[in-house]
Every structure is written in structure tokens, then in C-alpha cells.
Amino acid sequence: VTITTRQLVSHLSGIRHYEKDITKVKEEKEKANRALKLTKSHQDKEQKAKEGKGTENTDCVKQKKEHDSETKSRNSKPGRNDKEFEQEEYYLKEKFESVIESLKIFKNDPLFFKPGDQFLYSTYGFTLLSAVVERASGQKFTDYMLKMFRDLDMLSTVLDDNEAMIYNRARCYIYNKKGRLVNAPYVDNSYKWAGGGFLSSVGDLLKFGNALLYSYQAGQFQNNNSKLLPGYLKPSTVAMMWTPVPKTEVSWDRDGKYAMTWAVVEKNQQCGCCRQQRHYASHTGGAVGASSVLLILPEELHPEAVGAWPVAPPRGVVVTIICNMQSVSLNSTALRIAREFDREKQAQ
């Protein structure tokens, strides 16, 4: 078979994740689909009941009720496997000298499906992607990424190297089987630099989010302000990265689809007075003893505003949360924060 880089960045390659048993993966997917159908059925019944009582599900409904309902819906998280951190490969202690060497973990394992046919989130797919970057750039993947972080002024973003002395490195925690807070076990993440091997700070992730947002919007301003510097990426590149890919899904956001390394929700409103979906991109992160999220909510730019100075990119809200605790759901919290800032800005 042929596996393309586009399939790798959208998790359509067929390469396994931590679970080696395809039967268990299918069972979890079936459970997720059933949970999603039950949730949607329950929501439809509630909607019909409200309509029968003459209750409007519109802007007249208090914002608190809307937020509570949305939070409940998002936090149910169909498709999330709470037992994922029981997989042995999360706790590897072997030191790998290169991303090419780390391919040996899965290179002889069968594909779970024909590339392009189905979606399966795969950390090892990203490991293979990092090997592609290494061969294409002619540099070690880690050197290539660290140079990029320096270009973006992300000076606190480094490899999660256990031996290195890293200023302000946080201690990570988990809950044990008795529900008590304990230190996270020792792991070596050199087997998955691209899929979960970097340490960063809130400030650096905000810089990263704003660099992407600037690149995304810069093309809309170029004709009106010749002094505007180009973005780190081409606007068309970011737009492509934030375009949902068919056959994908997102476990942490019911409204979203997976794009290229990002989960994306598209602007949508099915009927008048119905809930409006804003366009935003996000991604969560989960590691042994840590959780994170980065969410980018671009401002909806109007043609007359684009030509007005001092309006310039980036325009929107970037939210990031880093938590030194395992298995914490952060996406819905980040979205609520982004919407609060966006609502406040619109009210000004």
C-alpha cells in the first residue's frame, strides 16, 4: 500500500495507536457510536418537548442554560477511552537516539485498515511523519523543530529530556487506583517526539497560536497595508490545515472534524434562531501526568474593517491551558474562555 503524508497528518494511515488489538479498537468505536446516537436522540427528545411547551430554544434562553447544556454535551466525550493510559507503551523507559530508530516499535505491525478508508488517531503515525520531516529536511527532527521554535521566539519550548536541566520544569501527577494524588511514573518520551515529546509554557503556546492566526489572516491585509510582514506560513497553507477532511472525527469536540494536525469546527447555523457555530481550531494533548489544550478562535473580519488602520492581524482569541495532571478534559473550558473574550470584544 501507499501511505501519504496527508494521510499521516489526518490520521487516515491505518497505523495503529497504542492498542495493538484491532478487535478492541473496533469495540471501542462501536461503543462510541452508540453513545453518540443515544446522546443525539436524547437531545432531540428534549428539543421536541420544549417546542411542545412553546419554549423557544433561541437567544431568549439564558446564557447560563446554554453554557450548561453545551458543557454537558461536550464533557460526555463519546469515543474517549478512559483506559488508554493502561497501555504499556505509554510507559516506555528506553532511550531512542533518533526518530528513525523509534520506528522499530511498530514498523512490522499490520495496518488496521487500508490507508484513506478510516480514521484512527495514531501517535505512531506522527512518529513516521517526523521521520519524513527528518529525511526531507536533511536534519535531525529534533534540531529542525528547535530551530523553528527559536524562529517563533518560543524559547521555553524544549525536548522532554529527562537528563537535561530544564528551568521551571513542572512535576507531573496522577491519581492512583485508590484515588490518591501521586507522582507520575518515570517515562522516556524519546520514542514519540512529534506525538508528545515537547515541554512548553503557556506563553510559548500563545506565541505559536498567534503566529498561526497571523499567517491565516495576513493574506486579507496584504493589499491594504504594504508594510505588513508576511506570516510564518502562507495563508493558503494554514487554510488547508484548518479545512476538515472527510471520514475523520474528533473525540474531544462533538462539533468538530479532524483536518491536518488540527481539529476544526466550521462556521454553521442550520436554521434561524438556532445555535451558531463559530469557526475555530483546537487540539488537546495528553501525556503521563499532564494535559493541555490550544484553541484558536479567529475573529470574523468584515471587508470594511480590513482596510482600516490600526486593525491588523492577528485578530481573534487564542487560549491555551497546561495542567500537570493526567486525563483532564480542557477543550470545553478553553472554548468557554475564548467565547467570553470574544463576546466582550464585540460588546465594546
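Trainee: Why is Lys95 called partly exposed?

Mentor: Its relative accessibility in this predicted model is 34%.

Trainee: What makes the contact of Asp161 with Lys95 a salt bridge?

Mentor: The closest N and O atoms of Asp161 and Lys95 are 3.5 Å apart. A salt bridge needs a Lys or Arg side-chain nitrogen within 4 Å of an Asp or Glu carboxyl oxygen, so this pair qualifies. Asp161 lies in the loop between β1 and β2 (173-175) and Lys95 in the loop between α3 and α4, so the bridge ties together parts that are 66 residues apart in sequence.

Trainee: How do you know that Glu89 and Lys20 meet in a salt bridge?

Mentor: Their N to O distance is 3.7 Å, and the limit is 4 Å. This pair also links distant parts of the chain: Glu89 sits in the loop between α3 (63-76) and α4 (99-102), and Lys20 in the loop between α1 (5-9) and α2, 69 residues apart.

Trainee: What makes Arg169 and Asp160 a salt bridge?

Mentor: Their side chains meet at 3.4 Å, N to O, and the cut-off is 4 Å. Arg169 is partly exposed because its relative accessibility is 32%, while Asp160, at 16%, counts as buried.

Trainee: Which residues do salt bridges with shared partners join into one network?

Mentor: Arg16, Lys20, Glu89 and Asp109. A search of the whole structure finds 15 salt bridges.

Trainee: Let's turn to the strands. Why is strand β8 described as mostly covered?

Mentor: Seven of the nine residues in β8 (residues 290-298) are buried. Ile296 lies in this strand, and its 0% relative accessibility is under the 20% cut-off, so Ile296 counts as buried.

Trainee: How do you know that β8 pairs with β7 and with β9?

Mentor: Pairing needs at least two bridges. Seven bridges join β7 (residues 280-287) to β8, and these strands run antiparallel. β8 and β9 pair over eight bridges, also in the antiparallel sense. You can find Ala281 opposite Ile296 in β8, and Leu294 opposite Thr320 in β9.

Trainee: What makes the bond between Pro313 and Pro314 a cis peptide bond?

Mentor: Look at omega, which is about 0° for the bond joining Pro313 and Pro314. Pro314 is found in the loop between α10 (303-306) and β9 (316-323).

Conventions: Residues are numbered from 1 along each chain as its sequence is written. This is a predicted model: local features need pLDDT of at least 70, side-chain atom pairs count only at pLDDT 80 or more; totals for chains, interfaces and linings use all residues. Side-chain values use heavy atoms; hydrogens and water are left out. Helices (H or I, at least four residues) and strands (E, at least two) are DSSP runs, numbered from the N terminus. Buried means under 20% relative accessible area, exposed over 50%, partly exposed in between (1.4 Å probe, protein chains only).
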